[in-house]
Amino acid sequence: MNQDQYRILSRRFDRRDGHRLAAYEADGGYRSLKRAVGELGAAAVREEVKASGLRGRGGAGFPAGVKWGFVPQGAETVYFMVNADESEPGTFKDRYLLDYDPHAVIEGSAISSFAVGAKLCVIYIRGEFGWLVDRVQKAVDEAYAAGYLGPGAFGGAYELEMIVHKGAGAYICGEETGLINSVTGQKGQPNIKPPFPAVSGFLGRPTIVNNVETVAAVPWILEHGAVAYRKFGTEKSPGTKLFSVSGPVRRPGVHEIPLGLPFREFFTDWLGGMADGEELKAVIMGGSSVPVLTAAEAMETALDYESLAAAGTMLGSGGMIVIPARCDMVELIQVLMHFYWDESCGQCTPCREGTGWLHRIVKRLRRGEGAPEDLALLERVCDGMAGLTICPLADAAVMPMRSFLQRFRPEFEALAAGRRATEPDSRWAREIRS
Amino acid sequence: MSVPVEDGTGFGLGEQDAARFAGILARYPTRRSALMPTLWLIQDRDGHISDAAVAWTAAQLELSEAKVREVVSFYAMYRDRPQARHVLQVCHNISCHIMGAQPLLAHLEGKLGVRRGETTPDGEFALEGVECLGACGMGPCLQLGKHLYEHLTPERADALVDGLRRGDPPRPDTDRDLEG
Ligand SMILES: Cc1cc2nc3c(=O)[nH]c(=O)nc-3n(C[C@H](O)[C@H](O)[C@H](O)COP(=O)(O)O)c2cc1C
Ligand code: SF4
Ligand code: FES
């Protein structure tokens with residue numbers, strides 16, 4: 001199968017000059033923005049994106065066109081924010097878009113801003129992507145100079161201002177209300193919803209937050225139409241999706257696929273299977289926050305929102321973590337529980353205390369100091385966290401914890417019965433992949 | 001636009017940074033929303049955000065010092081005290097863990113003669129374990145300043161440290177060899 005036919009978002013990833021305005025324009029770039037402003041108008045853009053069925057790629061999969069429709073009619077000041085906080089372990093796709101095709105992100109952001117009536121667009125890039133902040137700022141400067149942004153753009157018909165905002169190291173700023181608070185100059189702590197940001201967000205005004213990959217699809221959709229976009233993917237999961245793949249497979253990295261592709265086919269044809277000497281044990285399909293699947297379960301599912309839900313997990317961010325047989329699942333869950341405990345913003349007791357408990361119990365098990373009751377205790381702590389907090393970070397910790405425990409229980413039981421954990425595997429990627 | 005270079009806080013910006021600060025104030029819709037970029041401006045110059053810088057920022061943005069300090073301490077990348085010249089931040093999250101983050105940390109501990117979380121006595125290097133850096137498919141990896149170093153092996157890690165010790169400019173391999 002020719003895998004390149006599915007490359008909509010990644011079509012310029014192999015070019016050395018894809019990040020330049022001249023190359024982007026020569027490729028038809030900014031035509032969609034011109035058409036949106038000059039011909040279509042905001043309502044028609046919203047309709048086309050709604051018809052395409054494009055779903056948010058930040059994790060929740062909410063239809064973008066529908067979300068845009070939540071901005072109250074006639075709102076005077078509206079803000080648009082692009083979520084490039086990309087901090088979900090296993091995820092590194094937005095980074096590729098910003099690195100190799102920043103103008104597609106800028107054009108998509110500008111069209112999306114236009115569609116919701118925003119005059120200010122903020123691209124929020126995680127602080128760890130320092131070099132990307134520079135690259136995207138350069139591209140934004142080019143877009144200003146070319147008259148696509150700023151005062152006088154489109155003969156005054158649409159004068160969008162665009163800010164590239166650099167985060168400073170906090171996973172929770174990826175949550176949309178945390179992100180908005182961060183841009184306001186506060187701690188990035190989430191708010192209780194409602195009110196939803198689409199009604200009351202940045203500075204109390206309607207604010208739409210979309211993921212980088214979501215907005216990057218918009219120029220293509222306008223250029224080729226919703227019908228063409230729906231030729232890819234399934235009825236309920238239309239289009240293509242970037243998967244960032246990590247772990248000891250032959251071809252890790254960012255791959256674009258039509259949604260609905262069977263995992264087995266993706267694993268064999270796109271990823272080339274496991275690296276030499278490795279055997280597949282488990283797969284986390286959509287970033288560290290979704291439930292893990294066993295190898296057998298993974299092989300029976302397909303990569304779209306519905307199939308993954310039916311398999312008991314989620315598509316999430318498309319951050320696929322491939323776990324080899326040599327890995328100890330309790331060791332891996334300890335790494336993850338440390339992460340969620342570290343990143344809990346501390347506002348909600350169940351999250352702040354619960355993540356700490358989960359981390360400590362798992363650590364204790366691995367030290368050989370566990371007790372058989374600890375497994376039930378882990379479950380009880382999870383029960384006291386899920387669905388009880390301001391934002392879904394607590395659930396994001398519970399989902400891997402519960403699923404690791406459920407699907408790989410014997411490994412936990414052995415430790416609870418007093419076996420000491422094995423030393424961490426000490427191989428290097430080079431040996432793994434050679 | 002003139003920005004007071006000296007306002008009683010003992011802190012000031014040079015001409016270029018003052019112009020940058022004015023640009024930030026012009027771009028952001030409220031003074032408070034200019035806080036994060038202002039802190040970055042200061043940290044990029046000084047390496048950390050001092051008490052005087054906090055006082056200056058609070059005065060400029062019409063915020064209490066407590067509000068500024070709260071933000072400095074909330075975000076992991078803002079530093080309130082001087083750092084080692086080179087801070088090596090190794091990702092120890094799940095994908096890198098699978099691909100060898102622990103041996104990389106152990107190797108660097110041996111190479112630098114410090115443990116994770118410590119700084120070499122000469123103040124040249126600090127070694128830290130950090131959460132996912134967004135390079136999961138290219139692990140193990142580390143961050144140094146604005147750049148990522150990926151696909152690390154003992155040899156590549158040694159070469160990086162040796163180069164920095166010699167004073168070579170860091171040669172990031174984050175980005176593929178893109179034009180310009
Ligand atoms: C703890 C947490 C972290 C999140 N991190 C990100 C992130 O890094 N990038 C992102 O786009 N969305 C992230 N989200 C989801 C956002 O809240 C939001 O749903 C998303 O940006 C909306 O964009 P979309 O509709 O285009 O997907 C996160 C959510 C939570 C609860
Ligand atoms: S669930 Fe956790 S991260 Fe989310 S608001 Fe509550 S304490 Fe903060
Ligand atoms: S897990 Fe190490 S960079 Fe993502």
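Student: How many helices and strands does chain B have?

Tutor: Chain B has seven helices and four strands. Keep in mind that this is a predicted model. Along the sequence, the elements of chain B run α-α-α-α-β-α-α-β-β-β-α.

Student: How is chain B divided into domains?

Tutor: Domain 1 of chain B covers 15-74, and domain 2 of chain B covers 86-166. Their C-alpha centres are 30 Å apart. The C-alpha atoms of chain B fill a box of roughly 50 × 40 × 30 Å along the principal axes.

Student: What share of chain B is buried?

Tutor: Buried residues are 39% of the 180 residues in chain B. Each of them has 20 or more other C-beta atoms within 10 Å of its own. As for contacts in chain B with a separation of 6 or more, 54% join residues 24 or more positions apart.

Student: Why is β1(A) called largely enclosed?

Tutor: Six of the six residues of β1(A) are buried, so the rest of the structure largely encloses this strand.

Student: How do you know which faces of β1(A) are covered?

Tutor: Take the two sides in turn. In a regular strand, side chains alternate between the two faces of the sheet. A:Y79, A:M81 and A:N83 lie on one side of β1(A), with A:F80, A:V82 and A:A84 on the other. All of these are buried, and both faces are covered.

Student: What makes β1(A) and β2(A) a pair?

Tutor: Pairing needs at least two DSSP bridges. Six bridges join β1(A) to β2(A), and the two run parallel. A:F80 has A:C121 as its bridge partner in β2(A).

Student: Which residues have the most contacts inside the largest nonpolar core?

Tutor: They are A:M81, A:C121, A:I123, A:M401, B:C91 and B:C141, in a core of 190 residues. The element that gives the most to this core is α18(A), with nine residues.

Student: What is B:C141 in contact with, beyond its neighbours within four places in sequence?

Tutor: Its partners are B:C91, B:C96, B:L133, B:A135, B:L148, B:Y149, B:E150 and B:L152. Each pair has its C-beta atoms within 7 Å.

Student: What makes α8(A) mostly covered?

Tutor: Eight of the nine residues of α8(A) are buried. Among them are A:E176, A:L179 and A:V183. The cover includes β1, β2, β3 and β4 of chain A, together with α2 (35-46) of chain B. After α8(A) comes A:G185, with a positive phi near 100 degrees.

Student: How many residues does each chain give to the contact between them?

Tutor: Chain A gives 59 residues and chain B gives 48. On the chain A side, α15(A) gives the most, with six residues. By class, that side has 26 nonpolar, 19 polar and 14 charged residues.

Student: Why is ligand 1 said to lie between two domains?

Tutor: Domain 1 (3-230) and domain 3 (330-416) of chain A both give residues to the shell around ligand 1, so the ligand lies between them. The shell has 24 residues, and the nearest are A:G56, A:G58, A:G174, A:N211 and A:T214. β4(A) gives the most, with three residues. By class, the shell splits into nine nonpolar, nine polar and six charged residues.

Student: How do domain 2 and domain 3 of chain A meet?

Tutor: Seven residues of domain 2 of chain A are in contact with eight residues of domain 3 of chain A. The domain 2 side has four nonpolar, three polar and no charged residues. The C-alpha centres of these two domains lie 23 Å apart.

Notes. Residues are numbered from 1 along each chain as its sequence is written. Chains are lettered from A and ligands numbered from 1 in the order in which they are written. This is a predicted model: local features need pLDDT of at least 70, side-chain atom pairs count only at pLDDT 80 or more; totals for chains, interfaces and linings use all residues. Domain bounds come from an automatic or database domain assignment. Two residues are in contact if their C-beta atoms, placed from the backbone, lie within 7 Å. Ala, Val, Leu, Ile, Met, Phe, Trp, Tyr, Cys and Pro count as nonpolar, Asp, Glu, Lys and Arg as charged, and the others, Gly among them, as polar. A residue is near a molecule or strand if its C-beta atom, placed from the backbone, lies within 6 Å of it. A nonpolar core is a set of buried Ala, Val, Leu, Ile, Met, Phe, Trp, Tyr and Cys residues joined through C-beta atoms within 7 Å. A residue is buried if 20 or more other C-beta atoms lie within 10 Å of its own, exposed if 12 or fewer, and partly exposed in between; C-beta atoms are placed from the backbone.
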